[in-house]
Amino acid sequence: MGKRMHFHTGEFARLCGVNRRTLHYYDEEGIFSPEGTEENGYRSYSARQIYPFYMIRLMRQMGLELSEIKEYMAHRSPKRLDRLLSEQLEWLLSEQRKLKAMQRTVENQRRLLMEAGRIVCDRVERLSLPAQTLFLSRSVRRLSAKGDTGRIERVIAEHMRYAIREGITSGYAFGARVAREDFIGGRPELIDAFFTPTESPYGRLPKDLRERRPAGEYLVTYFSGDYMATGPAYGRLLAYLKEHPELTPGAYSYEESIIEDLAAASPKDYITRIALLVEETEKRSASL
């Protein structure tokens, strides 16, 4: 082979895209040192050190502490490198999953904002909605009946904490469901449970805190204003059901925030979607 090419510290730093201080620090800490010393006393790096230095910097970017890199460099071997790279590959795959989850969250949030731009409030529509997996909170119906807002808030906090920790949130709107006997009886403020729509596998969710909201035809209305005061929206739904006696409402209505605290500073600008599964009497009879 020909004569080996060497570089002074400044030249090597430029080649590797770092500053001289970084190389001096790595040298002082015993992590990565120049290969040799020239006749004039200057220490120099060789061309074959470029790739190892690149890998060291990559390991650092992947989260390894300098102490871990130093320990490896002091006892490096093919076997230890393979183990180190295997651990880093596992870390990278985990980070990819996190990034994909964050991407879905951002995309779903933007989809809600786009939906908000097309919404017409204060009317009732019949829409076909797809099935949706829901992660439920513990029931709060009794607490709602008692007006125990303190304990209700603790249930919400518990629910959200679990959803975030387990990666259940997917950027969809947080919501609440109301039992049929309550909204039919003029008490839509009695929340049965809160929920978070999710893309997580159904089987991954706790058995007593999961629901598949079925695909089907829904009565849908949008309410503009504080999501704690959606009574007028239920008035519209009940009026529609009265005009269409052939429709039987499902067990629950589902309230979902489209525009809420994150996107609007004032409750008067919030938008809530209320969806109620309905079935025509004739179809229901035919399926019995």
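**Notes on two helix regions**

1. Helix 1 (residues 9-16) meets helix 2 (residues 20-28) at an angle of about 105°, and their axes lie 8 Å apart. That makes the two helices roughly perpendicular. Keep in mind that this is a predicted model.

2. Who does the touching here? On the helix 1 side the contact comes from T9, G10, F12 and A13, and on the helix 2 side from R20, L23 and H24.

3. On to helix 7 (residues 149-165). Helix 7 runs for 17 residues and covers 24 Å from its first C-alpha to its last, close to the 24 Å expected at 1.5 Å a residue. After helix 7 comes G167, with a positive phi near 70°.

4. Which residues of helix 7 are buried? They include I152, V155, H159 and A163. Looking down the axis of helix 7, the buried residues fall within an arc of 65°, so they line one face of the helix. As a rule, an α-helix has 3.6 residues a turn, so residues three or four places apart point the same way.

5. The cover over those buried residues of helix 7 includes strand 5 (132-136), helix 6 (141-146) and strand 7 (193-198). On the other side of helix 7, E153, R154, R161, I164 and R165 are exposed.

6. Take E153, which sits in helix 7. E153 has 54% relative accessibility, so it counts as exposed, the cut-off being over 50%. From E153 to V140 the C-alpha to C-alpha distance is 9.9 Å, with the two residues 13 apart in sequence.

Notes. Residues numbered from 1 in each chain as written. Predicted model: local features only at pLDDT ≥ 70, side-chain atom pairs only at ≥ 80, totals over all residues. Heavy atoms only, no water. Axes fitted to C-alpha atoms, helices over the stretch in contact; angles between N-to-C directions. Helix = DSSP H or I, 4+ residues; strand = E, 2+ residues; numbered from the N terminus. Parallel < 35°, antiparallel > 145°, perpendicular 65-115°, else oblique. Contact = heavy atoms within 4.5 Å. Buried < 20%, exposed > 50% of the residue type's maximum accessible area, 1.4 Å probe, protein only. Expected span 1.5 Å × (residues − 1). Arc of directions from axis to C-beta.
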